[in-house]
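Please examine the sequence and the fold shown below.

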Amino acid sequence: MTITPEEIRARAEQLMPWNRTFVSRSGVQFGGPVPIDTEKTTFVREGIAKLGGSISSALDLGSYEGYHSIQLAELPGVKRVLGLEGRARNIAKANLVNECLGHDRVRFQQFDLEQIGRVPPPEHGPFDLVFCAGVLYHLSQPWELIQWMSEVCAKYLFIDTHYAELPLYRCGPYFGEVFPEQETEMCGLKAFSFWPVLGDLLMMLMQHAFVPRFVYRYSAGHHFQPRVWIFAEKGDASAEFNGINPLLPYLSETLPSLADGPVRSMFHALEPHAASIKNGQ
């Protein structure tokens with residue numbers, strides 16, 4: 001049954017506020033003020049092509065309003081896309097968008113990505129492509145999601161995320177910064193998120209059999225909030241961390257427990273100086 005322009009407008013109004021602007025097949029504009037971007041899925045398509053590969057299934061993590069899931073369904077050869085999203089309102093938005101301009105091969109399900117490893121996900125995969133845009137920097141323990149992505153990913157991984165410039169905090173073997181999360185539909189479901197430094201983010205990937213193939217760093221419009229796109233291939237990679245300094249092999253480093261979350265690192269004294277730089281002082 002075709003959805004009418006009146007129904008589109010009524011359902012979109014009930015789901016306010018929106019972020020992205022959508023136009024239905026019948027020409028009805030709805031949603032928010034931000035135009036749809038296609039750069040990330042184009043990056044993925046080009047990465048697959050350069051590696052001479054192909055995909056038939058994709059998993060979109062933190063699918064939000066659904067636009068990336070629909071774009072992934074339009075990539076060559078794709079027959080199935082699953083979007084996982086933590087908030088019910090966002091699932092309702094994505095379903096409306098999919099009805100208006102999407103595909104019958106796209107589905108959305110609600111799932112809290114902070115519960116990976118503790119609550120079984122709706123589907124276990126495998127998926128040829130795992131697409132993770134704007135998600136990792138909203139998580140308190142992002143390596144848990146990376147481990148799970150490795151379990152369900154058969155071929156390729158795309159990550160779009162902020163990373164930390166300064167190693168002010170430590171969570172297990174990883175250094176980075178801690179940021180508060182806001183209570184909005186675009187933020188995480190915990191009070192804080194942990195951003196690893198770029199080197200540790202790449203190490204997380206290699207620890208879980210991802211080989212980074214293409215890495216693109218940019219500022220995302222904020223000089224002190226660097227962001228990175230990583231296209232990785234599932235393969236034979238290793239970056240094991242054992243707490244041993246090869247220059248001092250008889251000294252073993254004691255890692256802080258994750259039970260209490262991130263702890264201040266040896267670099268934490270840099271925080272006041274870093275804050276003054278960010279504030280332009």
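Strand β6 (residues 127-133) runs parallel to β7, and the two pair over six bridges; strands are said to pair if DSSP finds at least two bridges between them. Within this pairing, A133 stands opposite D160 in β7. Strand β7 (residues 153-162) is largely enclosed by the rest of the structure, because eight of its ten residues are buried. Here buried means under 20% relative accessible area, exposed means over 50%, and partly exposed lies in between (1.4 Å probe, protein chains only). The names of these elements follow DSSP runs, numbered from the N terminus: helices are H or I runs of at least four residues, and strands are E runs of at least two.

The model is predicted: local features need pLDDT of at least 70, side-chain atom pairs count only at pLDDT 80 or more, and totals for chains, interfaces and linings use all residues. Residues are numbered from 1 along each chain as its sequence is written, and side-chain values use heavy atoms, with hydrogens and water left out.

Helix α4 (residues 88-101) contains 14 residues and reaches 20 Å from its first C-alpha to its last, close to the 20 Å expected at 1.5 Å a residue; the expected span is 1.5 Å times one less than the number of residues. Its buried residues are N90, I91, K93, A94, L96, V97, N98 and C100. An α-helix has 3.6 residues a turn, so residues three or four places apart point the same way. Among the elements that cover the buried residues of α4 are α1 (5-14), β1 (21-23), β2 (29-31) and β4 (80-85).

The charged end of K93 sits over the ring of W18, 5.4 Å from its centre. This description applies if NZ of Lys or CZ of Arg is within 6 Å of the ring centre and within 35 degrees of the ring normal. W18 lies in the loop between α1 and β1 and counts as buried because its relative accessibility is 7%. The C-alpha atoms of W18 and P33 are separated by 7.9 Å, although these residues are 15 residues apart along the chain. P17 is found in the loop between α1 and β1, and the peptide bond from M16 to P17 is cis, with omega near 0°.

The model holds 18 aromatic pairs. Rings of Phe, Tyr and Trp (its six-membered ring) pair if their centres lie within 6.5 Å; planes under 30 degrees apart count as stacked, over 60 as edge-to-face and the rest as tilted. The rings of W143 and F194 are edge-to-face, because their centres are 6.3 Å apart and their planes stand at 80°. As W143 lies in helix α5 (residues 142-152) and F194 in strand β10 (residues 192-196), the pair ties together parts that are 51 residues apart in sequence. F194 is buried, with a relative accessible area of 0%.

Finally, Y64 has a phi near 55°, a positive value in a residue other than glycine. Y64 belongs to the loop between β3 (57-61) and α3, and is buried because its relative accessible area is 12%.

How values were computed:
Contact = heavy atoms within 4.5 Å.
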